[in-house]
Amino acid sequence: MSLFFDVLSSINNPNQQGSIDQLSSVMASVQQLAGSQGLNTDQLGTILNALGGALQPTLKQQAATMGTGQLEGMLGKLAGNGGAAALASAIPPDMQQQLIDAMTQKSGLNAGTIQTLLPKLLPVVTGLLGMGAAKPGAASSGNPLLKAFLDSNSPNTTDLGTVMKFAGRFLNPPQ
């Protein structure tokens with residue numbers, strides 16, 4: 001749940017890009033994707049948690065190779081729905097295959113379904129992580145949301161399904 005607090009912090013910080021509209025957009029994309037694939041909320045949560053767990057070491061490796069600043073830029077392009085080319089530049093095909101294998105193992109879905117979902121889910125996840133990026137012209141020491149996600153010493157930072165569940169409650173409080 002700690003990652004969700006980082007999402008809320010990005011919304012409340014005027015120097016970061018996070019906004020309620022952006023969170024709503026991420027949630028709408030997730031719900032639309034779930035509907036189009038015939039997945040219920042629990043299945044999607046499991047898939048997102050599997051993606052987070054598999055994506056963290058991949059992005060950590062990319063940050064170590066290219067530097068965190070360059071990784072943030074690539075994730076920004078991917079969040080902008082840069083398609084297969086942006087996906088391949090942010091996460092090379094061999095790493096994508098490792099992601100698919102890890103997600104298949106953790107989610108129980110077949111590799112073909114995961115392979116179909118991955119290019120659609122990654123822009124949503126990178127859009128969420130991008131909420132921590134500095135607004136243009138704001139002083140920045142990097143993206144605290146991405147840093148929190150990459151911090152393997154911090155518990156639950158990869159539970160993206162849990163983040164989405166809390167985001168749904170935040171955006172649609174019970175009446």
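Reader: Why is D6 counted as partly exposed?
Author: In this predicted model, D6 has a relative accessibility of 27%. Buried means under 20% and exposed means over 50%, with partly exposed in between. The value of 27% falls between these limits, so D6 counts as partly exposed.

Reader: Where does D6 lie, and which residues does D6 touch beyond those up to four places away in sequence?
Author: D6 lies in helix α1. Contact means heavy atoms within 4.5 Å, and on that basis D6 touches L145 and A148.

Reader: What makes L3 a buried residue?
Author: L3, which also lies in helix α1, has a relative accessibility of 1%. The limit for buried is under 20%, so L3 counts as buried.

Reader: With which residues is L3 in contact, leaving aside its neighbours within four places in sequence?
Author: The contacts of L3 are L145, A148, F149, N156, T157, L160 and V163. As for distance, L3 and D159 are 156 residues apart in sequence, and their C-alpha atoms are 8.0 Å apart in space.

Reader: Why does A138 count as partly exposed?
Author: The relative accessibility of A138 is 22%. Since buried requires a value under 20% and exposed a value over 50%, A138 is therefore partly exposed. A138 is placed in the loop between α7 and α8. From C-alpha to C-alpha, A138 and P14 are 8.9 Å apart, although 124 residues separate them in sequence.

Reader: How do you know that the span of α2 agrees with its number of residues?
Author: The expected span is 1.5 Å times one less than the number of residues. For the 18 residues of α2 this gives 26 Å, and the end C-alpha atoms are 26 Å apart, so the two values agree. After α2 comes G38, which has a positive phi near 70°.

Reader: Why are the buried residues of α2 said to line one face of the helix?
Author: The buried residues of α2 are L23, V26, M27, V30, L33 and A34. Viewed down the helix axis, they fall within an arc of 125°, and therefore they line one face. The face turned away from this buried side carries the exposed residues D21, Q32, G35 and S36. The cover over the buried residues of α2 includes α1, α3, α7 and α9.

Reader: What makes the buried residues of α9 line one face as well?
Author: In α9, the residues L160, G161, V163, M164, A167 and G168 are buried. Down the axis of α9 they lie within an arc of 155°, so they line one face of that helix. They pack against α1, α2, α3, α7 and α8.

Reader: How much space lies in the largest pocket, and which residues are closest to its centre?
Author: The largest pocket holds about 300 Å³ of space. It is lined by 16 residues, and those closest to its centre are T41, G45, G161, M164 and K165. The elements giving two or more residues to this lining are α2, α3 and α9. The largest share, 7 residues, comes from α3.

Reader: What classes of residue make up the lining of the largest pocket?
Author: The lining has 8 polar, 6 nonpolar and 2 charged residues. Gly counts among the polar residues in this division.

Notes:
Residues are numbered from 1 along each chain as its sequence is written. This is a predicted model: local features need pLDDT of at least 70, side-chain atom pairs count only at pLDDT 80 or more; totals for chains, interfaces and linings use all residues. Side-chain values use heavy atoms; hydrogens and water are left out. On a 1 Å grid over the protein atoms alone, a cavity is a set of points where a 1.4 Å probe fits but cannot get out, and a pocket is an open set with protein on both sides within 12 Å along at least five of seven lines; lining residues have an atom within 4 Å of a point. Grid points are joined across faces, edges and corners, and a volume is the space filled by probe spheres set on the points. Helices (H or I, at least four residues) and strands (E, at least two) are DSSP runs, numbered from the N terminus. Buried means under 20% relative accessible area, exposed over 50%, partly exposed in between (1.4 Å probe, protein chains only). The arc is that of the directions from the helix axis to the C-beta atoms.
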